Amino acid sequence: MKIQTRVFADADALSRGALEEVLRIVREMVGRTGRCSISLSGGHTPEKMFELWARDEYQEGTPWEGLHLFWGDERYVPRTDALSNYAMTKRTLLDRVPIRAANVHAMPTEFHKPEEAARAYEAELRGFFGAEAPAFDVQLLGLGGEGHTASLFPANAALEEKAAWCLAVTVPADPPQRLTLTYPIIDQARNTYFLVAGESKKAILGAIAGEPESGASQYPAARVRPSGALWWYLDRAAAGQ
């Protein structure tokens, strides 16, 4: 497994560096296969990246017709809610670029039961990728202060899921009801980027770095073991520099 860490001066530089690397992969994959799949993350750092992506200098160089966007997790709120990961992406990126609606694969949150929504999203993934576990060309992940990533939180039963691709989970955060992809999907990604910025993340990064190599980590983010490349993009504040 290839692991690389890059440290940037600040969150803006991190966002630009991540976007330029993601666009390199997007252009390569669309040119070679006709399409590229990305699993998006919520949070402040991806928000900066999406705002940058919508600028002419990057928007015009993106092959939107072949780009397909998915989400790694979602808060179980209406898509218009301020807490929705989709709503944030729509406001900062989707409303400002020429991507087709059919290429935007948002997690559904309109079902009466979140479990039904999780099954529906797995069905959508199967419709796009086929029967085998999907391998996103690019996967963006964040890091919570207690070590969560996507909506996989410490001590949650979802950490041990081996079969389902998407689960409804209840987590110790606001809002508590969420949908999340699971490790069987997360670990298939070809290129995974953790985007981590801010001094508040320094402690959890230090805790993860200090864990022994053997054994399962108590921190969900540290359990991510993708078959492809794994990158940690940090700003100096998060890296403690």
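I began with the term: a nonpolar core is a set of buried Ala, Val, Leu, Ile, Met, Phe, Trp, Tyr and Cys residues joined through side-chain atoms within 4.5 Å. I took buried as under 20% relative accessible area, exposed as over 50%, and partly exposed as in between, with a 1.4 Å probe and protein chains only.

Ground rules next. The model is predicted, so I kept local features to pLDDT of at least 70 and side-chain atom pairs to pLDDT 80 or more, while totals for chains, interfaces and linings use all residues. Residues are numbered from 1 along each chain as its sequence is written, and side-chain values use heavy atoms, without hydrogens and water.

**Core.** I looked up the largest nonpolar core and found 79 residues. Ile-38, Trp-53, Trp-71, Leu-140, Leu-181, Tyr-193 and Trp-232 have the most contacts inside it. Helix 1 (residues 11-33) gives the most to this core, 10 residues. I then followed Leu-181, taking contact as heavy atoms within 4.5 Å. Leaving out residues up to four places away in sequence, Leu-181 touches residues including Trp-71, Met-107, Phe-136, Trp-165 and Cys-166.

**Cysteines.** How many disulfides are there? I counted zero, with a disulfide defined as a pair of cysteine sulfur atoms within 2.5 Å. Cys-36 is buried at 0% relative accessible area. Cys-166 has 4% relative accessibility, so Cys-166 counts as buried too.

**Helices and strands.** I used DSSP runs numbered from the N terminus: helices are H or I with at least four residues, strands are E with at least two. The chain has eight helices and nine strands. Helix 2 (residues 44-53) is mostly covered, with seven of its 10 residues buried. Among them are Phe-50, Leu-52 and Trp-53. Trp-53 also has a place among the core residues with the most contacts.

**Thr-149.** Where does Thr-149 lie? I found Thr-149 in the loop between strand 5 (138-141) and strand 6 (166-170). Its relative accessibility is 0%, so Thr-149 counts as buried. The Thr-149 side chain reaches the backbone oxygen of Gly-142 at 2.7 Å. Beyond four places in sequence, Thr-149 touches Leu-141, Gly-142, Phe-194, Pro-220, Ala-221 and Val-224.

**Whole chain.** Buried residues make up 56% of the 241 residues. Among contacts between residues at least 6 apart in sequence, 76% join residues at least 24 apart. The C-alpha atoms fill a box of roughly 45 × 40 × 35 Å along the principal axes.

Note on methods: Polar contact = N/O pair within 3.5 Å; in protein donor to acceptor, adjacent residues only side chain to side chain.
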